[in-house]
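Subject: Structure handover

Hello,

Here is the structure I promised to pass on. Please open it first, then read the notes below.

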Amino acid sequence: MTPYIDGATCLDLFAGSGSLGFEAISRGAEACQFIDRSQTNIEQINLNIKSLQLANCKSEISESYEYVTHNDQRYDIVFFDPPYKSNCYDWLDLALKKLLKPDGIIYIESATKIALDNLSMIREKKTKTLFYGIYKYDQ
């Protein structure tokens with residue numbers, strides 16, 4: 001993922017602890033937007049943003065689907081790592097269309113292999129319980 005991070009704008013869509021977004025910032029991303037439905041998670045992310053003095057990071061309490069449908073911001077990198085065995089992949093195509101810049105990439109974690117006609121694999125791995133990879137969206 002390193003070649004794509006430098007100067008990128010990122011969206012950590014199911015932020016949880018924010019680890020994916022914070023890692024991207026530490027590796028040279030320009031900015032990161034954190035979205036999570038849990039107020040507790042967002043409060044912790046905000047504490048981390050403040051303690052790390054990251055003026056280029058923002059957070060929002062929101063259901064991810066609501067954020068996707070009501071947002072016009074586009075990103076270079078989207079981290080799409082929903083809760084395990086979630087049905088959020090049903091609207092992944094919508095998220096890709098609305099959120100990614102033309103040359104953007106998406107990092108996806110899932111319990112099963114995700115197959116969309118308009119995703120080109122850059123890199124993909126599998127563990128015993130998880131598929132994860134970096135993909136380019138063919139618009």
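A residue counts as partly exposed when its relative accessible area falls between the buried limit, under 20%, and the exposed limit, over 50%. Asp 76 has a relative accessible area of 24%, so Asp 76 is partly exposed. Keep those limits in mind, as they come back below. One caution: this is a predicted model.

**Salt bridges**

How many salt bridges does the structure hold? The count is six. Two others deserve a look.

Glu 63 and Arg 37 form one of them, and their closest N and O atoms are 3.9 Å apart. Glu 63 is in the loop between β3 (57–61) and α4 (64–70), while Arg 37 is in the loop between β2 (31–36) and α3 (39–51). The pair therefore ties together parts that are 26 residues apart in sequence. Glu 63 is partly exposed, at 42% relative accessibility. Arg 37 reaches 57% and counts as exposed.

Glu 23 and Arg 27 form another, at 2.4 Å from N to O. Glu 23 is partly exposed at 37% relative accessibility. Arg 27 is partly exposed as well, with a relative accessible area of 48%.

Look at β1 and β4 next. These two strands pair in the parallel sense, over three bridges. Leu 11 has Val 78 of β4 as its bridge partner.

**Aromatic rings**

There are six aromatic pairs. In one, the ring centres of Phe 14 and Trp 91 are 6.1 Å apart and the planes stand at 35 degrees, so this pair is tilted. Phe 14 lies in the loop between β1 (9–12) and α2 (19–26), and Trp 91 in the loop between β4 (75–80) and α5 (92–99). The pair thus ties together parts 77 residues apart in sequence. Phe 14 is buried at 14% relative accessibility. Trp 91 is buried too, with a relative accessible area of 14%.

Trp 91 also pairs with Phe 80. Here the centres are 5.6 Å apart and the planes are at 75 degrees, so the pair is edge-to-face. Phe 80 lies in strand β4 and Trp 91 in the loop between β4 and α5, so the pair ties together parts that are eleven residues apart in sequence. Both Phe 80 and Trp 91 are buried.

Who belongs to the cluster? One aromatic cluster is formed by Phe 14, Tyr 65, Phe 80 and Trp 91.

**The cores**

Phe 80 and Trp 91 turn up again inside the fold's nonpolar core. The largest nonpolar core has 23 residues. Leu 11, Leu 13, Phe 80, Trp 91, Leu 99, Ile 106 and Ile 108 touch the most other members. At least two residues each come from α4, β4, α5, β5 and β7 (131–137). Helix α5 gives the most, with four residues.

What does Phe 80 contact, leaving aside its neighbours within four places in sequence? Its contacts include Leu 13, Phe 14, Cys 88, Trp 91, Leu 92, Ala 95, Ile 106 and Ile 108.

Best regards

Definitions and conventions. Residues are numbered from 1 along each chain as its sequence is written. This is a predicted model: local features need pLDDT of at least 70, side-chain atom pairs count only at pLDDT 80 or more; totals for chains, interfaces and linings use all residues. Side-chain values use heavy atoms; hydrogens and water are left out. Rings of Phe, Tyr and Trp (its six-membered ring) pair if their centres lie within 6.5 Å; planes under 30 degrees apart count as stacked, over 60 as edge-to-face and the rest as tilted. Buried means under 20% relative accessible area, exposed over 50%, partly exposed in between (1.4 Å probe, protein chains only). A salt bridge is a side-chain nitrogen of Lys or Arg within 4 Å of a carboxyl oxygen of Asp or Glu. Two strands pair if DSSP finds at least two bridges between them. A nonpolar core is a set of buried Ala, Val, Leu, Ile, Met, Phe, Trp, Tyr and Cys residues joined through side-chain atoms within 4.5 Å. Contact means heavy atoms within 4.5 Å.
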